[in-house]
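Please keep the sequence and the structure in view while reading.

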Amino acid sequence: MKRERATAVVREMLDRLEQGAWPLDLVEEIYLFGSYIRGALEVGDVDVVVQHTTDERWRLDSLDAMFSGRDSYVVMRQALRGRRRGVSFQFQDRSALEGEGIELLLLWRRGEPVDLARQRLAAIPPDPAAGRAPRDHILPSYEAIADLLPRPVRIDLHRLCTGDGATVSVFPLPDAQPRSTVAAAHVDERWNPHSPLRRGAAAALAHLEDIGQDLDHVEVHGRYFDYSKKDEAIECFIDLGWRYWRSATRYLDDGQAWFEVLPATARQPLHALYITPGARR
């Protein structure tokens, strides 16, 4: 991503922050780090740390997300970046990043005018010699698609692969439709024909079908094909866009595989990240 576009993405985030609607009224501090603050003319995503407080609505929403296996930060991510891509968020991680020796640049703090954040953003000088910041927590199995993985995901994958014995495979995922009429009907029911999520789900189901996975034992983005069979053993969970990633460890601990489609977009080439539990689980 060109620096000019990255700057525009951050400016739009600040415009939304200025409106202050929930949950953005909970944001306390925003920091930038990574390639962008080093002045790189080409960046992957803009790395952003968000510190926030909570309220009763947030606590209730987080509990609901936890029990349903969703990522509780989906709402805040969407509120901050809208439909734009190009921002990688880390929430409540300022202390952890500082402990790793990572430089953080304060963009905005509650009580300050958002115009001051715009001035700080404009004051970051471009540096043609800066180059991309090196990616951390990368293993050879997913090095080729590291730019598609948010940093918290890379940290989790590194832990899973080196500490817990999980195996990760990464490969291109061609567009395809599942042969199963039940699977095809499930996809058609949930998403319209032009939805990126429909595209990703169909391709994932077709691939799993091709490698011999029984689709009756697959859960797709938080839902079963047939809810009456919800108590049957799930062998693989399909996730689209990291929405359920926080549940990945639970599935792997139960001996189930995880199939992540990335990116689930309308036109970009799809890739798949297939995680299978290791012998230690």
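Is D188 buried, partly exposed or exposed? In this predicted model, D188 has a relative accessible area of 45% and is therefore partly exposed. Its partner in a salt bridge is R198, with an N to O distance of 2.3 Å. D188 belongs to helix 8 and R198 to helix 9, so this contact ties together parts that are ten residues apart in sequence. R198 itself is buried, because its relative accessible area of 15% falls under the 20% limit.

Helix 9, which spans residues 196-210, also contains R199. The side chain of R199 forms a salt bridge with D175, and the closest N and O atoms are 2.7 Å apart. This pair links distant parts of the chain, since D175 lies in the loop between strand 5 (167-172) and helix 8 (181-190), 24 residues apart from R199. R199 is buried at a relative accessible area of 15%, whereas D175, at 51%, counts as exposed.

A further salt bridge is found within one helix. D156 and R159 are both part of helix 7 (residues 151-163), three residues apart, or about one turn of the helix. The closest N and O atoms of D156 and R159 are separated by 3.8 Å. D156 is partly exposed, with a relative accessibility of 23%, and R159 is likewise partly exposed, at 36%.

How values were computed:
Residues numbered from 1 in each chain as written. Predicted model: local features only at pLDDT ≥ 70, side-chain atom pairs only at ≥ 80, totals over all residues. Heavy atoms only, no water. Salt bridge = Lys/Arg side-chain N within 4 Å of Asp/Glu carboxyl O. Helix = DSSP H or I, 4+ residues; strand = E, 2+ residues; numbered from the N terminus. Buried < 20%, exposed > 50% of the residue type's maximum accessible area, 1.4 Å probe, protein only.
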